Amino acid sequence: MKSCLMVALSSCFFFCEGANSMEVDKKSLASEPLAAIAVLDVPRYMGTWYEIAKYPNRFQKKCAGFTSAEYRLKADGKVQVINRCQLAEGGISEAIGIARQIGTATSPKLKVSFAPAWLSFIPAVWGNYWVIDLDDDYQLAAVSEPNREYLWVLSRTPKVNRKSYDALLGRLANKGFDIQKLELTKQDN
């Protein structure tokens, strides 16, 4: 969940009559409640995901690239989360957290915390982790939260097929995301 290049978009927007129409349409979409995917098979979602792009955020400022998240299902049904990235000076930053599903066993809505376990009773230490887009093969995903403040594009591989990525960006734009804010994550030398 680190920074890099700005995403250049030319083919993923709807073309409306005039800039004002497009601005109104974007604002209208962003004001609608965010929908998560219908069903998440949590065991199938486990494993390593590579960050392809993200909205800039304060807790990833030190990351220079090579960002990944590893999810491991625990015996109690919770998910261990291990986020890693390479720092500018070459070292590795690692954050270990826990996630829990909200709702049914197939709910795509989770809460995640990187706070110490003894603080887990405090609601404020838990953040929303909603899977809002996921391909049928569980290879490309988008994760956000209800306010659309955060956004991550994740893939099972460090590189993504451009056609699949562009299609995902189109779907995210349809969900009210400003995809011009996405920063690509460095995943290769």
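## Basis of the model

Two strands are said to pair if DSSP finds at least two bridges between them. Helices (H or I, at least four residues) and strands (E, at least two) are DSSP runs, numbered from the N terminus. This is a predicted model, in which local features need pLDDT of at least 70 and side-chain atom pairs count only at pLDDT 80 or more, while totals for chains, interfaces and linings use all residues. Residues are numbered from 1 along each chain as its sequence is written, and side-chain values use heavy atoms, with hydrogens and water left out.

The average pLDDT (the predictor's confidence in each residue, from 0 to 100) is 87 for the chain, and 84% of the residues score at least 70. Residues 1-22 have a pLDDT below 50, although this stretch has 62 contacts in the model beyond near neighbours in sequence. A contact means heavy atoms within 4.5 Å. Where pLDDT is low, the predicted coordinates should not be read in detail.

## Elements and strand pairing

The chain contains 3 helices and 9 strands. Their order from the N terminus is α-α-β-β-β-β-β-β-β-β-α-β. Among contacts with a separation of 6 or more, 58% are between residues 24 or more positions apart.

Strand β3 (residues 79-87) pairs with strand β4 (residues 92-101) in the antiparallel sense, over 8 bridges. One of the residues involved is V79, whose bridge partner in β4 is A99. The hairpin of β3 and β4 has 4 residues between the strands, and G90 in this hairpin takes a positive phi near 105°. On to the next strand, β4 also pairs with β5 (residues 109-113), again in the antiparallel sense, over 4 bridges. Here Q101 has L110 in β5 as its bridge partner.

## Burial and nonpolar cores

Of the 189 residues, 41% are buried (buried means under 20% relative accessible area, exposed over 50%, partly exposed in between; 1.4 Å probe, protein chains only). The chain exposes about 10,300 Å², of which carbon and sulfur atoms supply 55%; accessible areas come from the Shrake-Rupley method with a 1.4 Å probe, and for residues only the protein chains shown count as cover.

A nonpolar core is a set of buried Ala, Val, Leu, Ile, Met, Phe, Trp, Tyr and Cys residues joined through side-chain atoms within 4.5 Å. The largest one has 22 residues, and L40, Y45, Y71, Y129, L134 and L154 have the most contacts inside it. At least two residues of this core come from each of α2 (42-45), β2 (63-73), β3, β5, β6 (127-134), β7 (140-144) and β8 (151-155). β6 gives the largest share, 3 residues. Leaving aside neighbours within four places in sequence, L134 touches I37, L40, Y45, W49, L140 and A141. A second, separate core has 18 residues, including A53, Y55, I132 and F177.

## Salt bridges

The whole structure has 7 salt bridges, each a side-chain nitrogen of Lys or Arg within 4 Å of a carboxyl oxygen of Asp or Glu. One of them joins E183 and K54 (3.2 Å, N to O). E183 lies in strand β9 (residues 183-184) and K54 in strand β1 (residues 47-54), so this pair ties together parts 129 residues apart in sequence. Both E183 and K54 are buried.

D188 and K159 form another salt bridge (2.8 Å, N to O). D188 is in the segment after β9 and K159 in the loop between β8 and α3 (162-174), 29 residues apart. D188 is partly exposed at 37% relative accessible area, whereas K159 is exposed at 57%. Salt bridges that share partners join E70, R72, R84 and E94 into one network.
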